[in-house]
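Subject: Structure for you to look at

Hi,

Here is the structure I promised to send over. Have it open while you read, and I'll walk you through what turned up.

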Amino acid sequence: MADPFKQAKFFKKSDVAGVKGNRIINLEPDPDIPDRAVAYRHAKDLASELGDIRGRWRCILGGRFVFGDLIEALIVNNNWLVRELWINTLSINNENIDSLSNLIDPEADYVRELNLIVSDHFYSNERGSLVQYAYEVLDIDGKFQLAACRTHMKTTLIWVDDGTPDGRKIVIEGSANLRSSGNIESITVEECPEWFDVNRELLAGILERYKTIRKPLSEAETWRQTDRTALRAAAT
């Protein structure tokens, strides 16, 4: 089987947030996926029409549309159990943080892991206010990680646990940040495992390099660290 990842000849080799080289992936159009176009003003109404994302949706959003609300509405409406929720956005506001808090609340148990990547400009400007609020509200039971870097991507990945090993892999991408900017925006929503995996690899690289929360060592890591300490002590 041919490798779906191909090095773009016109790209120079470089590091992007710890990921070696820029890559492209060739995705063949799937004729079985229905393409739909909609225009919406409010997130809850759009979530109802999208349903459980059977197809590819291209959406135009009005200036009052709050994209962060769509993420919560999709997950709650479909009663999804989400293994991982990845969000790459320039900025967030208090309402976005509260919405995400609803999803990782242990009693609701919608999202098991939340990874949020914001721009370094937003992080530096809001470190004492919105960023601090995000730490206070979202850092629950080790579910949350926050990273900041020079990103302009607006990509959301929803890995739904449907009882199968691979689960369902939903990708939402476009021009919209989590909070409303008063501008007309556009997004594409679809289930696409290949594109999900490519984006997840990139975001995981960003997270590993620019994460801001130091989490406890896993049991295996703790034992490895204990072994190293014992070896150093024996050597001396």
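This is a predicted model: local features need pLDDT of at least 70, side-chain atom pairs count only at pLDDT 80 or more; totals for chains, interfaces and linings use all residues.

**The aromatic pair**

Let's start with the rings. A pair of aromatic rings is described by the distance of the centres and the angle of the planes. Searching the whole structure turns up 1 aromatic pair. Which way do the rings of Trp159 and Phe196 face each other? Their centres are 6.0 Å apart and their planes stand at 65 degrees; planes over 60 degrees apart count as edge-to-face, so that is what this pair is.

Now find the two residues in the fold. Trp159 belongs to strand S10 (residues 155-160), while Phe196 belongs to helix H6 (residues 193-210), so the pair ties together parts that are 37 residues apart in sequence.

Trp159 has another neighbour to look at. The charged end of Lys169 sits over the Trp159 ring, 5.0 Å from the ring centre.

**Salt bridges**

Next, the charges. Side chains of opposite charge can pair when their charged atoms come close. How many salt bridges does the structure hold? There are 8 salt bridges, and here are some of them to click on.

One of them joins the side chains of Glu191 and Arg168, at 2.8 Å from N to O. Glu191 is in strand S12 (residues 185-191) and Arg168 is in strand S11 (residues 168-174), so this bridge ties together parts that are 23 residues apart in sequence. Is Arg168 buried or exposed? With a relative accessibility of 6%, Arg168 counts as buried.

Another salt bridge brings together the side chains of Asp109 and Arg112, 2.9 Å from N to O. Asp109 is partly exposed at 29% relative accessible area, and Arg112 is partly exposed too, at 43%.

Then there is the bridge between the side chains of Lys211 and Glu208, at 3.6 Å from N to O. Lys211 has 42% relative accessibility and counts as partly exposed, whereas Glu208 is exposed, with a relative accessible area of 54%.

**How the helices pack**

Now zoom out to the helices.

- H2 and H3: here the axes come within 9 Å and cross at roughly 15 degrees. An angle under 35 degrees counts as roughly parallel, so H2 and H3 are roughly parallel to each other. H2 passes H3 in a left-handed crossing.
- H3 and H5: helix H3 (residues 94-104) and helix H5 (residues 130-138) pack at an angle of about 15 degrees, with their axes 10 Å apart. H3 and H5 are therefore roughly parallel to each other as well. This time the handedness is right-handed, with H3 passing H5.

While you are looking at H1 (residues 43-50), pick out Ser48, which is found in this helix. At 52% relative accessibility, Ser48 counts as exposed. How far apart in space are Ser48 and Asn77? Their C-alpha atoms are 7.4 Å apart, although the two residues are 29 residues apart in sequence.

**Two spots in the loops**

Last, have a look at two residues with a positive phi. Asn79 has a positive phi of about 50 degrees although it is not a glycine. You'll find Asn79 in the loop between helix H2 (67-77) and strand S7 (82-88). At 58% relative accessibility, Asn79 counts as exposed.

Where is Asp141 found? Asp141 sits in the loop between H5 and strand S9 (144-149). Asp141 likewise has a positive phi of about 50 degrees without being a glycine, and Asp141 is exposed, with a relative accessible area of 63%.

That's the tour. Write back if you get lost anywhere.

Cheers

How values were computed. Residues are numbered from 1 along each chain as its sequence is written. Side-chain values use heavy atoms; hydrogens and water are left out. Rings of Phe, Tyr and Trp (its six-membered ring) pair if their centres lie within 6.5 Å; planes under 30 degrees apart count as stacked, over 60 as edge-to-face and the rest as tilted. Helices (H or I, at least four residues) and strands (E, at least two) are DSSP runs, numbered from the N terminus. A charge sits over a ring if NZ of Lys or CZ of Arg is within 6 Å of the ring centre and within 35 degrees of the ring normal. A salt bridge is a side-chain nitrogen of Lys or Arg within 4 Å of a carboxyl oxygen of Asp or Glu. Buried means under 20% relative accessible area, exposed over 50%, partly exposed in between (1.4 Å probe, protein chains only). Axes are lines fitted to C-alpha atoms, for helices over the stretch in contact, and angles run from 0 to 180 degrees between N-to-C directions. Angles under 35 degrees count as roughly parallel, over 145 as roughly antiparallel, 65 to 115 as roughly perpendicular and the rest as oblique. A crossing is left-handed if the near helix is turned anticlockwise from the far one by less than a right angle, and right-handed if clockwise.
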